[in-house]
Amino acid sequence: MSLSRDTLRGWGFTAPALIWTLAFFVVPFLVMAAMSLATLEGRTLVWGLHADNYRELLEKRYLWRAVVVSLQITLTVTAVSVALAYPLAWIIAFRVPKRWQRLALLLAILPFWTSYVVRSYAWLTVLSKEGVVNQVLLSLHLIAEPITLANTRFATVTGFVHFFTMLLTLTIFANLIQLPPNYRRAAMDLGASAFQTFRHVVLPLTLPGIVTGAFLTFVLCIGDYITPQILGGNTELTVPQVIMVQLGRRADFPLAAALAIVLMGLVTLAYLACARWLRLDRI
Amino acid sequence: MKKLTKALLAGTALTALTTGAQAADELNALVWCDHTDPALIQPFEAAHDVKVNLREYEGTGAALALLEQSRPGDWDVLVIDGIDVFRAVEAGILAPLPEEALPEDDFFPQVVLKANNAPDGTAYAVTEKFGYNTISYNADKVDEADMQDLSTVWSDKYAGKISIYDYYMPVMGLAAMADGIATADITADSLESIGKTLSTMRSHAISVADVVSAQTALATGEADIVVGGGEWLTAVLQAEQPELTWTIPDQGAVVWTQSIGVLAGSEKPDLAVEFVKYITSPEGQARLATSSCFWGMPANKLAADHLTPEQKEILRWDNQEDYLAKAQLYPAPDMDLDIEMQDLWLETLSQ
């Protein structure tokens, strides 16, 4: 049986993507999964089916605490970023005149143009005791002495929200402008108030954009090392920070791999929770 | 058309000139950031007509993993934490050094550290730089007398004004010294006491910071004290903020050392040894000591002839004998104790 020309052409077109996925996702994932089941004896890596690393994860308080902290920070960042990005995207889509929309979007994504590390250190300076925020609060007599903002979870969340609000604004904006204006007009003609129109028409139709952006925020935030490391001041540890410790000092690749598998598990759970609304083609 | 021809000719000539100016050889070194200062590397490159390719790393584990994944001959020189030389020797990645070529007779004897650099009697590395993990502080914000006693440094008086250097080894060494335990005597049994001290330190700290973050914290006033800091943290800030300084408390401080060695399998072992000799020479030592990344004391005393009086003052050259007498070496735990210490550190961080 010979393959038809169309089938061959189909394979030809999809082969690069398949090879890419196999080489850069499937194979590395299998290696990482196998590594998570290996163990270190002295400084020697012993391959096998050992559950030691996962057991350690349950036994060592700082390891599972890191999982909890990562989840708490990620969920907070996602919720706050959505709450800020939606009105911003709405204003750009419906309130800003068409000819200014491009400029408004450009301004919204401008922070992406600077280095992520530089931006994090900039936030550290802004939030420090001698920084702009404390100086403004002091000059307005809202506080009597500088308050601690840098090196806290608040600082980590602020750094993340600054970045992810921009990302979410783009995904939600892309969704909002696809919404035919007649839907809103029809709802209003039928007697719906502005809130009812938003609640029963606009929000359900833009939910895929929100969920897609929120999912991307979750994925990028939970795996990020730089922001909590610079802005959090190591006052609490996230999973990527703990992974870096295993690699940097101990070269304990099996435990680091087990932690990475846990991260992937959390991302998978997030995907399953969002799958119903996810429309990655809307990005 | 003439313009185009001229441009092409000029381009060709420039390419030829550039090619002609290229170094005849290359040397690959895995280093800490202080070796990336052009003022240190360029004289060697010029003298040997060689291009030195430098790669920075953080953490001995990361360096060992990188070397294990490399082919023999990919790397020629390794700079490594003095206490970790034995790990590299165990892994078989360091080549013996020709001992007669090393000017250790000119070194501060306390940092020659044969036990580290020649664990089985054969020299595999040589100390190149040292300094102290001690107390850095802002002299305008704290009572300097308080900085002489470790227990007052992390007392309630300075709660919320302390940053801790993010490396468990020296900080646990300082905690041990505050408890009256010598760094060399740290055992699994000592960890309970050290853990309590660490916990107190941690509860009063505003952050646990890497080098840049600790410097930023001091410079911006976020923290007034850095536990585990030292000349390597504040020396580069001295010109702009002379109030940022450091001291060695009465209980002492922890001495950090970094060593340099030639990698086994290097295809240019002679050139690599020349590089080691340059780095440990008085001129190389002076340049390394005042590297733009971080300052530290040169292991070779003869570097004094190549340092300015101001540089020696910042390094506290004249106090070294006193300081070294008060200081203790890094804890040197075996692998099991190292893991326990690291677990305790991470537990304390996630309090």
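## A buried phenylalanine and its partner

In this predicted model, A:Phe215 has 9% relative accessibility and so counts as buried, the cut-off being under 20%. A:Tyr271 is at 39% relative accessibility, which means that A:Tyr271 counts as partly exposed.

## Aromatic pairs in chain A

Let's turn to the ring pairs. Over all chains, the count of aromatic pairs comes to 21. One of them joins A:Trp20 and A:Phe24, whose ring centres are 4.6 Å apart; their planes meet at 50 degrees, so this pair is tilted. Both residues belong to helix H1 (residues 5-36) of chain A, and because they are four residues apart there, about one helical turn separates them. How do these two sit, buried or exposed? A:Trp20 and A:Phe24 are both exposed.

Back to A:Phe215 and A:Tyr271: their ring centres are 5.8 Å apart and their planes stand at 65 degrees, so the pair is edge-to-face. A:Phe215 comes from helix H9 (residues 194-222) of chain A, while A:Tyr271 comes from helix H12 (residues 253-274) of chain A, so the contact ties together parts 56 residues apart in sequence.

## Rings and lysines in chain B

Which residues form a cluster through ring pairs? The members are B:Phe108, B:Phe130, B:Tyr132, B:Trp246, B:Trp317 and B:Tyr323.

One member of this cluster, B:Phe108, also has a lysine over its face: B:Lys301, at 5.6 Å from the ring centre. Another lysine, B:Lys129, lies over the face of B:Phe294, at 4.1 Å from that ring's centre.

Technical notes
Residues numbered from 1 in each chain as written. Chains lettered and ligands numbered in written order. Predicted model: local features only at pLDDT ≥ 70, side-chain atom pairs only at ≥ 80, totals over all residues. Heavy atoms only, no water. Phe/Tyr/Trp six-rings, centres within 6.5 Å; stacked < 30°, edge-to-face > 60°. Helix = DSSP H or I, 4+ residues; strand = E, 2+ residues; numbered from the N terminus. Buried < 20%, exposed > 50% of the residue type's maximum accessible area, 1.4 Å probe, protein only. Lys NZ or Arg CZ within 6 Å of the ring centre and 35° of its normal.
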